[in-house]
Amino acid sequence: MWKFIAKRVGQMIVLFYIFLALLFVLLDLQPGDISQQFVGNPDIPPEAKQLMIDQLGLDEPKHIQLFNHLKNYSTFNMGASWSQYPRDVSDILFSALPRTIYLFLTATILAYILGFWTGKIVAWKRNTATEKAVMGTSIFLWTVFYPWFAILMLWFFAAYLDWFPVGKFVTLNFESRPDLVNSISDVLFRTSGSEAASGWTSSAAPGANDVFMLLFTSLIVGTIAFFGIRWIVKRQVKDPTTQARLFTGGTVLVFGGFVLYWITNEYGPWAFDIFWHSVIPVMTLTLVSYAGTTLLTRTSMIETLKEDYILTARAKGVPDVTIRDRHSARNAMLPVTTSLVLALATVIGGGIITEQIFSWPGIGQTYLAALSSEDIPLTMGALALIGILALIAHLVADILYAYLDPRIRVQG
Amino acid sequence: MADLLTKPEGDAPEGEAIIATPLWRIRLRLFRRSFARNWKIFAQNKMGLAGLAIIVLFGLMAIAHPIFMATIWDGHEEGGKNVYDPRAGADAVIVEKTVVPDGEITDPTTQIGQTEAALQGTGLVIPEVGTVMTAPLANPAPPVISGVPHPHWLGTDPFGGDILSQLLFGARAAFALGFTAAISSVLIATAVGTVAAYYGGVIDTLLMRLVDLMILIPALPLLIVISGFWDLDLIKLGIVIGVTSGLGGTAIILKSQALSVKVRPFIDAARVAGGSDFRIVLQHITPNVLPLSFLYMMFGVTAAIFIEASLSFLGLLAIDQSWGIMINIAHTQGYTLQGLQVWWLMIPAGASVTLFSAGFFMVARAMDEVVNPRLRAR
């Protein structure tokens with residue numbers, strides 16, 4: 001297993017460098033090469049120009065430039081952004097990254113759990129009204145033009161029903177809790193009091209980011225605790241009744257602990273505000289990838305249901321639910337798991353649209369904003385980051401698949 | 001070909017005289033027979049037929065546009081331009097009453113300020129890349145069928161452009177782009193797949209690593225940066241989408257198909273008979289891969305339309321008019337949150353993109369059952 005992982009990691013690193021080189025070629029292929037691109041642009045601070053010339057070695061031959069480019073990127077030294085000049089590209093990207101991960105991880109996990117459950121049941125109840133209804137909805141959600149669907153969701157939930165805020169990341173005003181303004185802004189936020197008092201701004205407010213990071217970390221810890229408890233219980237406890245009780249107990253414990261932590265925390269209202277803003281984007285993303293998971297699970301289940309061991313299980317009188325959940329769904333899981341991880345990679349592409357429509361300040365919006373303001377270092381940095389994320393997703397998919405299916409491990 | 005038919009039998013060489021009918025006729029008959037057989041399988045799938053109906057409907061829409069422009073929309077000049085021109089047409093005198101943000105009906109003269117207010121209220125970031133509209137700001141007019149100088153059957157957009165005309169023109173654009181992308185994608189995928197399968201070795205490794213790389217890079221961000229750096233028109237965009245998707249998963253599937261063809265005896269026979277590598281790849285392997293290629297071409301159309309509409313929606317393309325641009329205009333002009341009050345801005349265009357790609361997707365799914373017998377047996 002370790003040998004397999006080491007081999008895959010090695011391949012990924014090689015591919016990543018090829019990808020970086022491709023980025024350089026793309027940059028160089030622009031109308032007028034890199035050295036000409038920005039010289040005449042008055043919007044770029046002269047220091048930024050000089051920094052770019054120094055970093056890439058623009059007065060040197062192309063292969064040295066390429067080498068410098070690769071060297072800079074492997075040390076996360078992606079230069080300074082042009083549009084937000086003194087800030088480093090890596091700084092901007094790493095503050096935006098958790099927001100994107102939060103959105104997509106939540107949506108993907110939700111979609112996977114719900115979609116697998118629906119797909120399993122639908123495959124079991126073939127040719128019923130339920131199946132037809134679920135299939136119709138899923139095919140619609142799967143083929144719908146995503147930006148249009150997102151806009152309609154935004155209109156329906158934020159304007160028509162008026163349940164959720166329209167886009168953006170946070171709205172809560174600092175003035176509602178004046179006691180917090182000083183402490184938070186002085187200790188954590190590195191901004192002056194007057195700026196902070198004007199409220200949260202979506203893109204650059206470091207304060208929002210700090211609260212968000214706390215929320216993000218607690219969510220990650222909660223998720224790991226939840227699945228960790230399930231995993232341990234499944235391994236250690238053999239009796240199904242105790243198992244079920246422990247599952248319920250663990251879920252209540254983790255969820256209760258999470259809620260309790262945020263109720264007692266002084267950032268609670270801010271965290272809730274961020275959460276409230278993320279409801280529509282998460283819902284939209286979940287619905288679309290839920291449809292995909294359902295369709296795939298159904299196909300995969302139908303295939304496993306044809307296997308001989310299902311017939312054997314039926315013949316010896318195993319209950320239907322056990323056949324469905326233990327014999328069939330387990331084997332149907334393989335392709336669904338891979339697609340889940342790969343979906344994480346492709347969803348970043350769709351994420352650009354989601355973040356644009358819901359004004360969610362993640363990687364996608366940073367990327368579009370950088371492109372529209374011709375901020376080449378930031379654009380390239382964001383694209384490189386999207387590439388890395390895709391590579392990591394593929395790596396995780398490979399490892400997960402090898403873990404689930406021993407045949408792949410043996411072949412290498 | 002025709003002279004083959006009239007040729008007297010005595011003139012033909014000894015070997016060919018046995019078969020009186022010319023070769024092309026036999027081929028045609030075989031083709032017709034296999035087509036009828038495949039059609040039977042295809043027609044059993046109701047979804048595929050529905051998809052075909054949708055595609056035909058959009059085809060009619062695309063054909064209808066120039067006809068409408070020449071007949072019922074002809075001669076509606078205003079300021080030197082035809083009001084119904086899908087690209088530059090603008091009906092400045094909008095129908096007397098228009099819908100405003102809160103749903104009231106008021107006089108159009110007071111509207112400009114309110115449109116801007118609506119834009120402010122949405123709090124949405126407006127993409128400022130690419131398309132810049134210079135037409136005077138008018139208001140979206142609801143559908144009017146008669147009683148005005150220029151009737152708009154599906155209303156107008158915020159700039160006074162006729163929605164129906166744009167919608168029909170969009171169908172043309174969608175077909176042009178979809179087919180350019182699909183054909184170039186399949187050409188590249190077939191070439192890469194067959195060559196990699198036939199030659200193997202270093203060529204195979206190089207091509208397949210390139211394919212791996214293309215699969216790894218998310219397509220949309222890459223195309224966004226490409227369209228940000230270069231001005232792409234519809235055909236160029238189609239080719240770029242075709243190249244990026246043709247070097248992806250399709251190439252691998254076609255390669256595995258080509259590998260299974262390569263080991264069949266007739267390839268050895270062709271080689272023994274002295275066929276060159278090029279001829280074997282082109283004449284013997286490619287025809288056996290083509291049904292699968294055609295299937296992936298159908299899937300390719302769906303992907304291409306989706307990408308084009310997304311890029312247009314983000315305002316990154318320099319193309320004249322498309323469904324994506326129609327949604328982009330409605331969105332950037334601040335009509336997002338009015339939803340069904342101004343349904344003619346978003347619903348026709350969005351539903352068109354959805355239906356168009358769904359149509360090709362459904363046809364492709366049904367064709368999959370024809371090409372791949374394993375899916376057929378239930």
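User: Of the 378 residues of chain B, what percentage count as buried?

Analyst: Buried means under 20% relative accessible area, exposed over 50%, and partly exposed in between, with a 1.4 Å probe and protein chains only. In chain B, 49% of the 378 residues count as buried. This is a predicted model, in which local features need pLDDT of at least 70 and side-chain atom pairs count only at pLDDT 80 or more, whereas totals for chains, interfaces and linings use all residues. Residues are numbered from 1 along each chain as its sequence is written, chains are lettered from A and ligands numbered from 1 in the order in which they are written, and side-chain values use heavy atoms, with hydrogens and water left out.

User: How many helices and strands does chain B have?

Analyst: Helices (H or I, at least four residues) and strands (E, at least two) are DSSP runs, numbered from the N terminus. Chain B has 14 helices and four strands. A contact means heavy atoms within 4.5 Å; of the contacts in chain B with a separation of 6 or more, 67% come from residues 24 or more positions apart.

User: How many salt bridges does the rule find across the interface, and how many over all chains?

Analyst: Side chains of opposite charge can pair when their charged atoms come close. The rule for a salt bridge requires a side-chain nitrogen of Lys or Arg within 4 Å of a carboxyl oxygen of Asp or Glu. Across the interface of chain B and chain A it finds zero, and over all chains the count is six.

User: Which parts does the salt bridge of A:Arg298 and A:Glu131 tie together?

Analyst: These side chains meet at 2.9 Å, N to O. A:Arg298 lies in helix 13 (residues 279–305) and A:Glu131 in helix 6 (residues 129–143) of chain A, so the pair ties together parts 167 residues apart in sequence. A:Arg298 is buried at 11% relative accessible area, and A:Glu131 is buried at 6%.

User: Are B:Arg271 and B:Asp268 buried or partly exposed?

Analyst: B:Arg271 is partly exposed at 39% relative accessibility, and B:Asp268 is partly exposed at 40%. Their salt bridge spans 3.6 Å, N to O. Both lie in helix 10 (residues 265–272) of chain B, three residues apart, about one turn of the helix.

User: What is the phi of A:Ser359, and where does A:Ser359 lie?

Analyst: Most residues other than glycine have a negative phi. Phi of A:Ser359 is near 50 degrees, a positive value. A:Ser359 lies in the loop between helix 15 (320–357) and helix 16 (363–372) of chain A, and is buried, with a relative accessible area of 3%.
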